[in-house]
Each structure stands twice: as C-alpha cells, then as structure tokens.
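Have the sequence and the 3D view open as you read.

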Amino acid sequence: MSTPMAAFPWTNELDTLLRDLAATGRSVRDIAAEIGTTKSTIDRRLRALGITLDRSSTEAATKANTLDAKARRSRLQLALLEDAERLRAQMWQPATVFNFGGKDNTYEERTLDKPPFADQLKIMQATGIAVDRSLKLDLHDSGGSTAVIGLLQQTAAALGIHDDADSQP
C-alpha cells in the first residue's frame with residue numbers, strides 16, 4: 001500500500017525565487033528543475049501566487065519548430081516524387097535477370113530490353129507508393145483531412161467502385 005506524498009515545503013524564500021525565475025521568462029520545466037520539484041507543483045504555486053508566465057518565447061519556438069517540420073516535409077515530398085520518377089524510368093530500361101541453380105550450382109544471366117512483367121508490376125507499385133506518400137504530405141500541409149479521404153476510400157471500396165491499391169486522394 002502506498003503512502004501519500006508529502007506536500008512540497010514552500011517557504012517565503014522559495015516563493016521569492018519562484019517570482020524571480022518567472023520574471024526571467026524561464027519555462028515551467030526549467031523552474032521545476034531549478035527548484036527541485038515537478039512541473040505540476042510549479043504550475044499550482046504560480047496560480048496560487050497569481051503569477052502568469054510570458055509564453056511569447058515558447059509560442060515563437062513552437063511556431064519555428066512547426067515551420068521547420070513543414071519545410072522538412074516539403075523536402076521529403078519532393079524527394080519522394082524524384083524517387084517515383086527514377087523508379088518509373090526503370091520500367092523501360094534494360095534489365096539483367098539471373099539465376100543460380102542446377103546440380104552444378106551454376107550462375108546464368110541475360111540482359112532483357114526491359115524488366116519482366118512481374119518486376120514491372122513491382123516497380124509500378126513502388127512508384128505508386130512514393131507518389132501516394134508525397135500526396136499525403138501535401139494534403140497534411142494544405143490542411144486537408146486524410147481521415148475524411150480514408151473514410152471515402154473505404155466506402156468506395158466497399159461499394160466496389162474503388163481499388164484498394166489506388167489510395168490516392
């Protein structure tokens with residue numbers, strides 16, 4: 001059976017330190033680490049003292065992180081489209097096919113004008129996946145709702161008017 005935790009021993013000196021740290025614009029997390037208690041304890045004491053922290057630096061950092069993430073997704077989106085283009089080009093390039101086997105464990109290879117049909121199918125599937133993921137990144141950053149599109153795709157598939165392999169929005 002656990003025993004209840006004792007309340008943090010607040011003193012006038014700690015209240016003064018809390019006020020000073022809050023005035024410097026430090027975060028609740030930093031203040032809690034400095035004083036040696038939890039964030040929730042600091043939050044409660046700040047409210048009890050009527051102190052509100054200036055959140056403008058936190059908001060600015062959050063906005064900067066959001067913009068950085070959007071820029072990274074944009075770069076990834078372009079890279080996925082480049083991947084799709086390189087994959088698709090392979091469908092029409094000469095391909096070397098090979099085989100190991102036989103009782104003598106021999107190696108044989110041949111160069112074909114283009115990959116065999118099964119390999120072309122796999123290339124097309126990989127191309128489609130790269131394009132689909134690129135579109136989903138674009139949809140995310142444009143504020144579109146993938147949940148709604150996913151629901152519509154499931155409904156169309158259930159009605160037999162949509163191919164599950166084609167998951168483009």
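**From surface to core**

Phe98 sits in strand 1 (residues 95-101) and counts as exposed because its relative accessibility is 53%; exposed means over 50% relative accessible area, buried under 20%, and partly exposed in between (1.4 Å probe, protein chains only).

A word on what you are looking at: this is a predicted model, in which local features need pLDDT of at least 70, side-chain atom pairs count only at pLDDT 80 or more, and totals for chains, interfaces and linings use all residues. Residues are numbered from 1 along each chain as its sequence is written, and side-chain values use heavy atoms, leaving out hydrogens and water.

Now for the overall plan. The protein chain has six helices and two strands, in the order α-α-α-α-β-β-α-α from the N terminus on. These elements are DSSP runs numbered from the N terminus: helices are H or I with at least four residues, strands E with at least two. Of the 169 residues, 19% are buried.

Where is the largest nonpolar core? Its twelve residues are Leu14, Leu18, Leu21, Ala22, Val28, Ile31, Ala32, Ile35, Ile42, Leu46, Ile51 and Leu53. Helix 1 (12-23), helix 2 (28-35) and helix 3 (39-49) each give two or more residues to this core. Such a core is a set of buried Ala, Val, Leu, Ile, Met, Phe, Trp, Tyr and Cys residues joined through side-chain atoms within 4.5 Å. Beyond its neighbours within four places in sequence, Ile35 is in contact (heavy atoms within 4.5 Å) with residues including Phe8, Trp10 and Ile42.

Finally, follow helix 5 (residues 117-141), which holds Gln120. Gln120 counts as buried because its relative accessibility is 10%, and a polar atom of its side chain lies 3.0 Å from the backbone oxygen of Met91. Leu137 also lies in helix 5. Leu137 and Arg73 are 64 residues apart in sequence, yet 6.5 Å apart in space, C-alpha to C-alpha.

Technical notes. Polar contact = N/O pair within 3.5 Å; in protein donor to acceptor, adjacent residues only side chain to side chain.
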